[in-house]
Amino acid sequence: MNVVLSTLNSKFIHSSLALRYLKAYGEAHGQAYDIVEYTINMPVLHILNDITERTIDVLGFACYIWNIEMTLHVVDLVKAVRPDIKIVLGGPEVSFTADELLTQCTNIDYIVQGEGEEAFYHLISALQAGQDGLESEISGIRGRHSSGELKGSTQVVEVKDLSTIPFPYTEKDMADLEHKIMYYESSRGCPFSCQYCLSGNKNTVRFFPLERTLKELQWFMDHGVKQIKFVDRTFNCAPHHHRPLMEFIRDAKTNTNFHLEMEPELMTEWETNLLSTTPAGRIQIEVGVQSTNKKTLDAINRYNDWLYIQQSIRPIIEAGNTHVHMDLIVGLPYEDFDRFGQSFNDLFSLQPHALQIGFLKLLKGSGVRRMNEYNYVYDPLAPYEVLSTHVLPYDKIRFLKHFEDVFERFYNSERFRTVFGYIGEQLITGTADAFSYFCDMTQVWINEGNHKVNLKEIDQIEFLYRYFLSKGDIVAAELLQYDTLVSYRGKVRSEAVGLPKQTKELLQAGEAFWRDEAVASEYIPNYRFKEWRKIRQQYVEMTMSRHTAEYLKIQQIPDGNFTVIIDVNKEVHPFIRPNV
């Protein structure tokens, strides 16, 4: 029997961990499956063509909110031209509404509800034996009987013993996934029961064996994997499990980066200290706060102690070794526009490296989807995004969509960390607040019509430069120049932001300095004058106000006018060019 497992990833750089688990489990029990991955950006007829070129008896799709509509379209097309192929769907998007989906889409033969390793294996075993997999009920398998009646299990299943699931990656994967994100997990489930999420439906957590996990992490590092993204819903929920892993990651001799989703309420001084002292770039954490409004948190069955979260997270951010990504959700109960602004200001006060603004998705199977008292209006098609609530009308959500876009382009891009670090300090210590500041920036962005066009990066930089100047913020404008030079290695220039193309003529005023190796080497270690082209590529001379130079901690700032040398590779700190 030829079994093909597939999914439509959201981007080319993504890969499916779920399919690899199914394949590994099947192979461990004598079954062979092929994996073929597509993306939602591919023409659907190209996908159909590729599928129909293969010899397939059973075709399985992993379904998520980002691909369900397109997946169902592909299913209909496949059945239209190859009705003999058995279609099996699995994944979180189909696990909780199997009967509804089987009734609506008659081209689906089976649905795997919940974790599929064991259930899918038993289904294929039944089909290989000439059975339909429905007469003798298989836990987790629901399907359409030859009579047209829906039969089988209605249970959403879990694999109780995760040690029975083999390691999902092979040597071949290392070549196929070289330029893609590698996903991994050391646990399944969640100890919490937040009503907007599916992970805590059973309020339990299971762990892969610790020693096995350590060996697998070493395997990734030995293969030079750039980043491992843990999909554990609450990585730090059990000290006996996560602490040895974090120590192992901290002490490893590797350049691999590890992405962990951590619950701030469960962080102690131990986790804070480790993340503050771990080698720079080794770990990045995602911290889901979602809201700082107690009434909101109570409604969604979530508990946050904001004071405790600050005490846990602030030292990590200030230490600068671990990248910290924090999350908020727009559209939660009782959080109107102004109260969302307060949650935003609370998180912004910590100056996280990224502050992600998400919009509530009313997922099938989630508690919030059943909360009629909050008058939710949402898109009936996946990803079921909120359009309005009992306290947040559509026009406010529409504005916050533009707000999120502007904030993502500028703050979260991390290309302008210096200037937004400066702005953050002013907002945190001043009378203005961050939410109002970025709302104003968003309104200017809308007024200029930028939300309706695709802007190049230099156009966005010019917008920021104009905005800072309109506020009379010369320091911010000059720091934007600095960030642009170092973020783009001097390759993005514009007269409109005071960064003309670097030429030999622009450097001639300092030619004596550049040619005097003895003087220049006092500022630039191992400096040797070779040719103007290399100097123009790496170093930029620019005028700068005293306040900006002081913010950049430039030493020995003279009275009067001065010229600052910026190394676009950041190998040396900005310095004042002396007169030679």
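Analyst: Let's start with a definition: contact means heavy atoms within 4.5 Å. Keep in mind that the model you're looking at is predicted.

User: Let me try another pair. How do H1 and H5 pack?

Analyst: Helix H1 covers residues 17-28 and helix H5 covers residues 117-128. Their axes are 9 Å apart, at an angle of about 55°. By the same cut-offs, that makes H1 oblique to H5. H1 passes H5 in a right-handed crossing.

User: Which residues in H1 and H5 meet?

Analyst: From H1 you have Tyr21, Leu22 and Tyr25, and from H5 there are Glu117, Glu118, Phe120 and Tyr121. In this contact, the residues divide into 5 nonpolar, no polar and 2 charged.

User: Now for sheets. In what order do the 7 strands of the open sheet come?

Analyst: The order is E2-E1-E3-E4-E5-E6-E7, and the pairing is mixed. At the edges sit strand E2 (33-39) and strand E7 (150-152), each pairing on one side only. Neighbouring strands here are turned by 25° against each other on average, ignoring direction.

User: In what sense do E6 and E7 pair, parallel or antiparallel?

Analyst: Antiparallel, over 3 bridges, with E6 spanning residues 141-144. To spot a bridge, look at Arg142, whose partner in E7 is Gly152.

User: Which strands do helices H2 and H3 lie across?

Analyst: H2 (residues 44-52) lies across strand E1 (3-9), E2 and strand E3 (58-62), and runs at about 165° to E2. H3 (residues 68-81) lies across E1, E2, E3 and strand E4 (86-90), running at about 170° to E4.

User: What is covered and what is uncovered in strand E11?

Analyst: Here's the general idea: in a regular strand the side chains alternate between the two faces of the sheet. Now check E11 (residues 227-230): Ile228 and Phe230 form its covered face, while Gln227 and Lys229 form the uncovered one.

User: What stands opposite Lys229?

Analyst: Tyr183 stands opposite Lys229, and Lys229 also stands opposite His259 in E12. Strand E8 (residues 182-184) pairs with E11 in the parallel sense over 3 bridges. E11 and strand E12 (residues 257-262) pair in the parallel sense too, over 3 bridges.

User: One more: how many strands form the sheet with E18, E19 and E20?

Analyst: There are 3, in the order E18-E19-E20, making an open sheet with antiparallel pairing. Strand E18 (539-543) and strand E20 (575-576) each have a single partner strand, so one side of each is left without a neighbour in the sheet. E18 is joined to strand E19 (residues 563-567) by 5 bridges.

How values were computed: Residues are numbered from 1 along each chain as its sequence is written. This is a predicted model: local features need pLDDT of at least 70, side-chain atom pairs count only at pLDDT 80 or more; totals for chains, interfaces and linings use all residues. Side-chain values use heavy atoms; hydrogens and water are left out. Axes are lines fitted to C-alpha atoms, for helices over the stretch in contact, and angles run from 0 to 180 degrees between N-to-C directions. Helices (H or I, at least four residues) and strands (E, at least two) are DSSP runs, numbered from the N terminus. Angles under 35 degrees count as roughly parallel, over 145 as roughly antiparallel, 65 to 115 as roughly perpendicular and the rest as oblique. A crossing is left-handed if the near helix is turned anticlockwise from the far one by less than a right angle, and right-handed if clockwise. Ala, Val, Leu, Ile, Met, Phe, Trp, Tyr, Cys and Pro count as nonpolar, Asp, Glu, Lys and Arg as charged, and the others, Gly among them, as polar. Two strands pair if DSSP finds at least two bridges between them. Buried means under 20% relative accessible area, exposed over 50%, partly exposed in between (1.4 Å probe, protein chains only).
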